Amino acid sequence: MTTVPTAREGSVGTAHTRVEGREKVTGAARYAGEVRFADLAHGWFVLSTVARGRVRSVETAGVLAMPGVLTVLHHGNAPRVDTGYIGFLGVPPDPSCAVFQHDRVPHLGWPVALVVAGTSEQAREAAEALVVRYEEEPHDTAFTGERPDAYAVDGHVPAVTGKGDLEAGLAASAVVVDAEYSTPEEHHHPMEPHAATARRDGGRLEVVDSNQGAAWVAGDLARLFSLDPASVRVRSEHVGGGFGSKGIRAHQVAAVMASTVLGRPVRVVMTHRQMFSLAGHRSPTAQRIRLGADADGRLRALEHRSVSATSTVYEFVEPSASVARAMYDAAAHHTANRVVRLDVPTPTWMRAPGEAPGSFALESAFDELAEKCGVDPIELRARNEPERGPVSGLPFSDRGLLACFREGARRFGWADRDPRPGVRREGRLLLGTGTAAASFPVMARPSTAAVTAEADGTFTVRISAADIGTGARTALTLVAADALETVPDLVRVRIGDSDFGPAMIAGGSMGTRSWAWAITAAAAGLRERLAAGTGVPPQGITVRSDTSAAVDALPPKERHSYGAQFAEVAVDTGTGEVRVRRMLGVFAPGRIVNPLTARNQFVGGMVWGISMALHEEAVRDAASGGHYGADLAGYHVATRADVPDVEAHWIDDPDPDDPVGIKGIGEIGIVGAPAAVANAVWHATGIRHRDLPIRPDRVLLSGAPGV
């Protein structure tokens, strides 16, 4: 019989527990490092112990004689790969993933060999015994914003934008803020390490991986190894966090190399210590903000300049100055992103790349401007609301920033705030509150999806999406149920398989928006087929979609999610310790698909913002070029004790240009959060902290009253 979905109340917007939740809490869900293979071998990286130089020799004889060792791959015997292609999002691949192609060492922790053995214990023991000799060269890892060798680079956005006479605008301003801000090197470190298993199966290369886009990794592997794309399959069903770090990396390439050489499955798993040099990181930034305004706070001039670090093998830009291009306008408006090449690993995308560190500087500077003008920080932002994109000149699709501030102020009790700094005290604790704005671009990328009506009345959705812990699988189930006019229990969403066709990665807050669009289109086509009444055969009826034309036809506009962050802190005058007592974020993030997992995303981003403001800092040793404490004991993050009361709310804000009304929520939670905390610390102590993290020693040395 023909199964035609019937109209019902929508599932999108209702709280729904994760559809894979039972599997995860019972251990039935298998992550990349847990999937079983017959005759599995294990690879273990050997990383360089010098920060710059050449590999003079790899002394493999003794290691090859150790129990269980199968081979040692290095630059002298590894398969060759091709990095001369344009990859995902139209950029060339980072050569760091093309391991063992030459004897150069561009940074400490560079992979110089892979030891493969029958067990991971054997591989590790042999890797630790391998002797590698180097021709060491002087290295340079010193990052500052004053380096004369910094230069502008177009990353995913233009490096430099400008209009109007900046110096004249500043000279004509009644109030000027000219300040420098810095953020340190930071690391992702998802709970599930990077892991990949490669095997050859009847002429096909199959890779079971932990990544943010199976089709992305499959495409890059096909190009690297000069393979027919149809002969490469990447599966990544469950992913324990990614945050921008889980793209094409050294471990997948090394696993494919070893599997090719040995003719058996090989698994390579990074340790957390190895992830400090192999998984990417957020570059440190040095930023300068100059704001010129009339006495009432209306801007005449805005300059935001940022310098970040990149490696000597690849140009990656942390576009921190770009946040100003969509937030505030002025007759003179100039921004620039520059980089300096150092002997360090290549940075990469990390939650809210550019916007997270950039908003710390810009929103802190706006708080300073509010103080100088004697204007409430929220009112100052209202007086500087742009009518169009400050740089693009495009109309805003909508702009819910002030609505977020109004709702946030009401919930937080902002009207009762005494604007004077350093006046609230509880014993030796100084109390303060602060706020900051947040924005993140809204984008969509072409994706494909297939929806099948099964003969038993259920539906199967196949899409090469990735659920990196965000609840994407559940959100897509709700979207599909509504598009098919059925209930979620009758929909099964299969993801994480490159065989399902090209689709956007889980990144840039574009995943759910892009995937939902493709699923909605395929479901509409399927409903038309079912409405024809031809019946569902035993093999089912499948309709496939491709949103390329629809996405490309989007009218040009400034599209953003927005938010208002509020924080209350207590500063201990005896120890210098800063504690966040409560935090509130109100967001305009488009239509919320699943309130349960959406709130988790917002709160998780805000907690990361607290961590960024007060704890996270990877420090390099100038002598070795490596990190002090390259582990999760030495790299401090916020824990449960640091997060007493975090609330996230949102306003009704569907995107009229999206079939479901989705914008994106993955990044916006962290944006503005560090600035809100820093502004609250100023309000508590009367002292500005322009360098993150705000450590106890910095508070004690700041000279704040009573500290």
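**Reading the helix contacts and the sheet**

Author: A472, A475, L476, V479, A480, A483 and L484 of helix α12 meet T512, W515, A516, I519, T520, A523, L526 and R527 of helix α13. Please keep in mind that this is a predicted model.

Reader: Which classes of residue make up the contact of α12 with α13?

Author: By class, that contact has twelve nonpolar, two polar and one charged residues.

Reader: At what angle do α12 and α13 pack, and how far apart are their axes?

Author: Helix α12, residues 472-484, packs against helix α13, residues 511-531, at an angle of about 30°, and their axes are 9 Å apart. Angles under 35 degrees count as roughly parallel, and α12 and α13 are therefore roughly parallel to each other. Their crossing is right-handed.

Reader: How should I read the packing of α15 and α16, and which residues meet there?

Author: Helix α15 (residues 595-614) and helix α16 (residues 673-685) pack at an angle of about 55°, with axes 7 Å apart, which makes α15 oblique to α16. The crossing of α15 and α16 is right-handed. On the α15 side M606, G609, M612, A613 and L614 take part, and they meet A673, P674 and V677 of α16. The contact of α15 with α16 has seven nonpolar residues, one polar residue and no charged residues.

Reader: Turning to the sheet, in what order do the strands lie?

Author: In general, the strands of a sheet pair through backbone hydrogen bonds, either parallel or antiparallel. Here an open sheet of seven strands has the order β3-β5-β1-β13-β10-β11-β12, and its pairing is mixed. The edge strands, each pairing on one side only, are β3 (69-74) and β12 (232-235). Neighbouring strands of this sheet are turned against each other by 20° on average, direction ignored.

Reader: How many bridges join β3 to β5, and is β3 mostly covered or mostly uncovered?

Author: Five bridges join β3 to β5 (residues 111-117), and these two strands run antiparallel; one of the bridge partners is L114 in β5, which is paired with L73. As for covering, β3 is mostly covered, with five of its six residues buried.

Reader: Which strands does helix α6 touch, and where does helix α5 lie?

Author: Helix α6 (residues 250-262) packs on the sheet and touches β1 (41-47), β3, β5, β10 (195-201), β11 and β13 (266-269), while its direction makes about 30° with that of β10. Helix α5 (residues 214-224) lies across β11 (204-209) and β12, and runs at about 145° to β12.

Key: Residues are numbered from 1 along each chain as its sequence is written. This is a predicted model: local features need pLDDT of at least 70, side-chain atom pairs count only at pLDDT 80 or more; totals for chains, interfaces and linings use all residues. Side-chain values use heavy atoms; hydrogens and water are left out. Two strands pair if DSSP finds at least two bridges between them. Helices (H or I, at least four residues) and strands (E, at least two) are DSSP runs, numbered from the N terminus. Axes are lines fitted to C-alpha atoms, for helices over the stretch in contact, and angles run from 0 to 180 degrees between N-to-C directions. Contact means heavy atoms within 4.5 Å. Angles under 35 degrees count as roughly parallel, over 145 as roughly antiparallel, 65 to 115 as roughly perpendicular and the rest as oblique. A crossing is left-handed if the near helix is turned anticlockwise from the far one by less than a right angle, and right-handed if clockwise. Ala, Val, Leu, Ile, Met, Phe, Trp, Tyr, Cys and Pro count as nonpolar, Asp, Glu, Lys and Arg as charged, and the others, Gly among them, as polar. Buried means under 20% relative accessible area, exposed over 50%, partly exposed in between (1.4 Å probe, protein chains only).
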